Amino acid sequence: MEITNVMEYEAIAKEKLPKMVYDYYASGAEDQWTLQENRNAFSRILFRPRILIDVSKIDMTTSILGFNISMPIMIAPTAMLKMAHPEGEYAVARAASAAGTIMTLSSWATSNVEEVASTGPGIRFFQLYVMKDRNVVAQLVRRAERAGFKAIALTVDTPRLGRREADIKNRFNLPPHFTLKNFEGLDLGKMDKADDSGLSSYVSSQVDQSLSWKDVKWLQTITHLPILLKGVLTAEDARLAVEAGVSGIIVSNHGARQLDYVPATIMALEEVVKAVQGRIPVFVDGGIRRGTDVFKALALGASGIFVGRPAVFSLAAHGEAGVRKVLQMLRDEFELTMALSGCRSLKEITRDRILAPWDSPRIAPRL
Ligand code: FNR
């Protein structure tokens with residue numbers, strides 16, 4: 001049967017993957033309230049379309065940190081993609097490149113920065129987890145630079161791993177024939193067997209829980225690459241991020257896998273956008289499954305969006321072709337949304353094209 005939307009890949013992935021792997025990809029933290037909310041919140045934002053505008057030509061191109069891409073839809077970092085498909089990160093890198101957009105490679109990928117770079121041309125970002133051993137971090141950042149990665153997405157919402165109960169029940173562990181390739185040879189490439197989630201134990205032993213704003217400064221001293229802070233949810237932190245001199249913010253709740261009961265990212269986006277006052281670009285990820293979601297994020301001030309699970313599930317289902325199709329479907333839906341709301345370019349996606357629950361009512365109340 002033909003696949004007609006991004007969400008349909010999840011059921012195919014669930015059928016194909018071992019339960020431990022599917023659960024790891026799909027799960028959120030604890031009660032998974034935020035996981036539901038990341039989707040539900042989009043349904044409370046409505047459109048205010050304009051009519052009789054010539055929409056025979058629609059331009060979705062944009063520039064992200066100075067790099068021109070075909071659309072404001074990019075790929076978020078997701079760990080351990082070879083568990084989904086033998087081609088893993090290579091397939092995602094090729095699909096993103098074919099679509100003319102950006103892929104972000106996870107620190108915990110099952111392919112390393114050099115291998116992903118060798119898949120061919122493409123604009124790629126590297127997601128960084130700061131490990132306790134700063135020499136390892138500095139080396140990895142240098143390798144990412146040399147391999148041609150264009151920015152560092154510093155994940156700041158994971159001093160410890162969120163409590164994902166399915167992973168605990170399944171005793172989640174990276175299957176032994178895979179390696180966290182970026183750390184191969186550094187004694188950090190394997191996860192030890194644990195009584196709970198192997199990843200959770202790995203994080204508590206290796207990730208630096210003391211990470212703070214001074215380390216953002218430190219990172220700036222070891223790389224010339226632009227730094228995006230991934231995991232900002234408040235105006236307070238957005239202002240600190242601007243002061244720290246980062247090049248951008250990704251409003252993210254880590255796909256609802258860290259702190260449960262944080263708001264949906266689409267609800268937190270506007271407060272962050274307002275706080276940065278246009279000084280740096282703001283991006284968002286979390287629950288984006290439709291072109292309409294992309295439009296809503298841009299109307300609330302995002303410069304672009306990232307998708308996580310849609311790439312993972314389509315990769316598991318149909319490899320590179322699946323990821324290509326996901327990007328194409330999101331692109332087509334986004335273009336259609338622009339046309340039907342009377343927007344010919346991204347700059348025409350203004351705040352007044354949507355109605356959010358926190359807006360003052362524009363429709364007269366019924367008397
Ligand atoms: C993630 N995410 C993530 N983030 C990060 O900074 N480093 C990582 O290694 C991972 N790994 C990872 C694995 C899996 C299976 C998922 C689902 C997510 C979070 C990711 O970058 C992004 O923030 C969310 O996935 C966005 O939400 P959606 O699109 O999955 O709803």
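**Notebook: buried sites, a ligand shell and a helix pair**

I started with His254, which is buried because 24 other C-beta atoms lie within 10 Å, and the cut-off for buried is 20 or more. I am working with a predicted model, so I keep that in mind throughout. Next I looked up where His254 sits: it is in the loop between β9 (248-251) and α11. I then listed its contacts, leaving aside neighbours within four places in sequence, and found Asp157, Thr158 and Gly231.

**Annotated positions**

I checked the UniProt record to see what it says about His254. The unreviewed entry has a "binding site" annotation that covers Tyr24, Tyr129, Arg164, His254 and Arg257.

Is Tyr129 buried or exposed? I get 21 C-beta neighbours inside 10 Å, so Tyr129 counts as buried. I placed Tyr129 in the loop between β6 (124-128) and α6 (134-146). Not counting residues up to four places away in sequence, Tyr129 touches Ser107, Thr155, Thr158 and Val207.

**The ligand**

I turned to the ligand and its surroundings. Which residues come nearest to it? Of the 23 residues around the ligand, I noted Ala76, Ser106, Gly255, Gly308 and Arg309 as the nearest. I also sorted the shell by class and got 8 nonpolar, 11 polar and 4 charged residues.

**Helices α10 and α11**

I found helix α10 (residues 235-243) packing with helix α11 (residues 265-276) at an angle of about 35°, with the axes 8 Å apart. I noted the crossing of α10 past α11 as right-handed. On the α10 side, I listed Ala235, Ala238, Arg239 and Val242 as making the contact. On the α11 side, I have Glu271, Val272, Lys274, Ala275 and Val276. What classes do the residues of this contact fall into? I counted 6 nonpolar, no polar and 3 charged.

**An exposed lysine**

I ended with Lys57, in the loop between β1 (46-47) and β2 (62-64). I find 8 C-beta neighbours inside 10 Å, so Lys57 counts as exposed, the cut-off being 12 or fewer. I also looked up how Lys57 relates to Ser345: the two are 288 residues apart in sequence, and their C-alpha atoms are 8.9 Å apart in space.

Notes:
Residues numbered from 1 in each chain as written. Predicted model: local features only at pLDDT ≥ 70, side-chain atom pairs only at ≥ 80, totals over all residues. Axes fitted to C-alpha atoms, helices over the stretch in contact; angles between N-to-C directions. Helix = DSSP H or I, 4+ residues; strand = E, 2+ residues; numbered from the N terminus. Left-handed = near helix turned anticlockwise from the far one by under 90°. Contact = placed C-beta atoms within 7 Å. Nonpolar A, V, L, I, M, F, W, Y, C, P; charged D, E, K, R; others polar. UniProt positions renumbered as here; feature names shortened; annotations may be inferred. Near = placed C-beta within 6 Å.
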